[in-house]
Structure formats: structure tokens, C-alpha cells
Amino acid sequence: MREVRAPLLEVKNLSKRFGGVVAVSDFSFALGESELVGIIGPNGAGKTTVLNLVSGLYRADSGQILFAGSDITSLQPWRIARLGVSRTFQNIRLFEGLTVLENVKVPRGWHSRYGFLRALGRDPWVGREEREIQAQAQKALDLVGLAGYSDALASSLPYGLQRRVELARALASSPRLLLLDEPAAGLNPQEVRELIELIGVIRRELGLAIILIEHRMEVIMELCDWIYVLDFGRLIAQGTPSQVREDPVVIKAYLGEEFE
Amino acid sequence: MSSYYMFIASFTAITAIGALGTFVLTGLTGLFSLGQAAFMGVGAYVAALAAVHLHWGFAASTLAGVAVALLLAYPIGYATLKLRQDYFALATFGFGEAIRAFMNESVQVTGGAMGMSGVPKFTTPGLTLAFLVLAVWLVRNLKASKFGRDCLAIRSDPTAAGALGVDTFGCRMRVFLFAAALAALAGALMAFLTTYVEPAMFGWMRSAEWIIMVFFGGRYSLTGSLLGIGLLSALPEVLRFASELRSGLYCIIILLIINFKPAGLLGRWELSWDLVRQRKAAEGGRAGA
């Protein structure tokens, strides 16, 4: 166990069931400002469900989610996002029909205050705010190393680069908490190395908190400050990477699956 | 130009104003509304009634038409915009046909199926053109703004858009109201052009035609949509197709587009001042070299 002082995110006794299946059961965890926490577990352990609950895509059956002191348990996803929680998806979900730059601009749009009627009339200030959105989106693309791909259609890029676009899109809104749902899925070993370095750079440069779900253990072990282990929706262990690695409970849960 | 061609041109411009709403609503945002023509009908009837019975001028009657359409669109949007896409199409079809049935049945006010004649002829070709230019400008601005990107994001993946902070319902509602306002404006212009309105003009077939025009020209491209609207609404008139042939023509076009050019004739391509300037600069560079 550990105590997080002044937590950025605090999840208390979270439960979610789908029909008869209990996906998450009485799960509590917390993370502090600019901390990187991993959630691991065998397939079907409820990891993605936890992220979907935090970002508001699912409604919790019971429990409470506090972000930066305010209760976000029953807020709509877009309101949670605007409080400073951003995310990526397990299966990349870029906006088809938009360029790379336009994809990254979308979550920056709500930072500028102009409304629908002003957009229709396009007064000079709208142009100025659009340039600011563009600059911020470009900055996010630079950070993930995609500066040269702005005008390509996002869906036309190779898989590994699409992952980076998704990361840039999640960062463009300047979140305080970033949820990464298996960012290494489908990447080759070389790309996984680059991803680990990139997440390290993002942490250093932006100082945001990250929750990471991942099957590739090297990503988890290298990056996480603290790890929560789920099995059948329940918390079965937690600790630093070296503690979790040695934990017999964790090894037993993973028996039959790869775990180094 | 003969007055016949002037009439066709005005007619096409009016169709374009209404169909531009469909470009934003269906092309960009992915909402298939089969009730757009009903909003056109509301605009036409309210404007015509205000002009005939209250002797209001063009501006006041047209504004009244647009305002009433907006008042109707808000509750309809509220009831339908949270539905799944297929149900949204069905629900707007239902609302649209209900509005048309109301026009048909309230004989005392609207003249029923016989229609309403004696509407003053306020619409001139210059006026329609001016409104078309205004509508194109508004839609261009919208597409180039954050709302334009939000629309495309919502069409592509509403869940992801919401998780990234896009107010999907709010954006859909704004776009729905905007499209209803354009349709109502087109309706008022139509009433003041033909000096006659009847419920049969505002059935779901017209809404479907607008969608076909937009998809034919390019659902993501304002330039393409205008091209599609121009081709599909002016050509049959000029070539004097029988209306049965017209439906057949639409069927063939839909099949061809779906199979060979799913993004429409122009896809995402957009005519812009930047493009013209680049072209000029390139030519200038070549001339200098």
C-alpha cells in the first residue's frame, strides 16, 4: 500500500458490471501530479473498463472518481476532457477524413472561446484564435516527431505513425492527466523502444500525470512509478515495478501468459 | 438571357441555399435528415402567410419564416439528435412528413393540397444570387472553423470526439439549427419566386435529392457540393427531363458514386484563394525564369 498526498486522481471503490459479468469490482487507486502509474493484468481483467470509467465513456455502478478535487463520476466525457483528462484508444481511433494536423486541432478547439455565430461570420479575432489553435497543434506534432506530416490524411499513414498522431492529439489539449490504453499494441520492437523514449520525453517536457495500460512488460517496467495489478476486476497486488515483478500473486495470475 | 433561363438560375440558386444546409448536416456531420424539405416548407408558408395576410415586406416575412423554422427545429433536434444515425433518419422523416401533413390538413390557413397562390413576387435573380453568395460564405467560414473540424470528427467517431472534449450534442444541435435556417430561407425565396406554395413541394423526396446532390459532388468539399447541386438541379431542367426520368437518373448516379467514387466527384478538394494565388505565383515564377 502507499499513500498519495494531494492526489490528482482519486478513485474510490469503483465497480462496473456488464450483465452478469463483473468487469471492475471495488477498485480503489490514486495518483499524484506528474506521476506515471501502470495498470496491468491478464486479458479481461478490466483495465480498459477502468479507463473508460475515468474518461466517462461508461457510467460506474458504484464508487466515486475525483479529479483535481471535483467529483467527475457522472459527468459527460466531453466535460471530463475539458477539466484536463485526455486519452488514447487501444484500437487507434483517428478521425477519418481529416488531415493529421486537423486531427490534432480538434481537442484544442474548445480552448478558444469563439462561438458558432462568430465562426459563421468569421471576425478577425476568430482568425487569430485559429492561428493559436494551429500553433498549439503544431507544437504537439513536433513533440511526437511528426512535424513533416501535417497535411497527410491521418488514415493514410502507416500504423506506427498513426499511434503517434493519436498521442499528439491527446496532448494537444494540454491535459493534466493522460490515459494511455495499450499504446504499444501492434508496434514492432524498434517502435516500442521509440515509444518508451517518447513517453519519457513527454513526461519530462510536459510534467503531466499518466495512467498506462500495457501488455508489453518492458514498457510498464521501464516507465511506471507504481503498478496496480488487476485480475477479474479486482486489485490483487500493487507496488513498484521490482516489487510487482517478484510478487507470487502476480506471477500466479499471469501463469500461462507471458510475463518476464 | 431569356426569362426562362433566369428562372432556372434562380431556382438552382434557391436549391443550393437549402442543399448547403444538407452539405453541413449530412456531408460534414453525417446526419441523414429526411426532414430538411419540411423546414423549407415552413419557411415558405410562414413567409407567404405573413406577406399575404399581414402585408409584411420581404425582409420581415422571410425573417419570420426562418424564425418559425428555428423554433420548430429546436425541439425536433432535441428529440432526435441523441438517436443513433439510422433512427435519426427515420425520426426526421416522420417529423418532416408530419409537418407536411399539417400543411395539407389545415386548409383554412394554408389552402391545403390546393396550395396557396397570390404570394407577392419579391424574389429577383439578383436577390437570390446575393443570398447564395451569403450562404456560401457562411458555410465556408463554418467549415474552416473549429466547428467544421468538430463536425467531421463527430461523423467519423463521436465517442472519440466526446472523449477529447467535443460537445457532440451541442455541435450537432447548432448545425441542425443552421441547416434548418438555410432551408427556411430557401423556402421563403421559393415562395416569393413562384408566387405559389403547395405542400407537395416539400416532401421527403426533396430532402433525399439534396443529400444525393451533396454526395454526388463531394460530401467533404463545399466546391464539390456546389458543383453537384448545380449539375443535378439545373441540368434536368435545361434538358427538360421528365420527372420520372429524373428519379431514374438519380438511381444511376447513386450507384455509380457508391461504387466508383465514394467520396464524390471532388472528394476533399476545395477551391480556395490560396490555391489561386499559388497558381499565379507559380506562373509568375516561370515567366520570370
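Good morning. In helix 9 of chain B, 23 of the 27 residues are buried, so this helix is largely enclosed by the rest of the structure. Buried here means that 20 or more other C-beta atoms, placed from the backbone, lie within 10 Å of a residue's own. Helices are DSSP runs of H or I with at least four residues, numbered from the N terminus.

The model is predicted, so local features need pLDDT of at least 70 and side-chain atom pairs pLDDT 80 or more, while totals for chains, interfaces and linings use all residues. Residues are numbered from 1 along each chain as its sequence is written, and chains are lettered from A in the order in which they are written.

After the helix comes Thr195(B), with a positive phi near 60°.

Let me turn to the largest nonpolar core, which has 166 residues. Such a core is a set of buried Ala, Val, Leu, Ile, Met, Phe, Trp, Tyr and Cys residues joined through C-beta atoms within 7 Å. Ile17(B), Val24(B) and Ala184(B) touch the most other members. Helix 9 of chain B contributes the most to this core, 18 residues.

Finally, which residues does Ala184(B) touch, leaving aside those up to four places away in sequence? Among them are Phe39(B), Met40(B) and Val66(B), where contact means C-beta atoms, placed from the backbone, within 7 Å. Thank you.

Key:
A residue is buried if 20 or more other C-beta atoms lie within 10 Å of its own, exposed if 12 or fewer, and partly exposed in between; C-beta atoms are placed from the backbone. Helices (H or I, at least four residues) and strands (E, at least two) are DSSP runs, numbered from the N terminus. Two residues are in contact if their C-beta atoms, placed from the backbone, lie within 7 Å.
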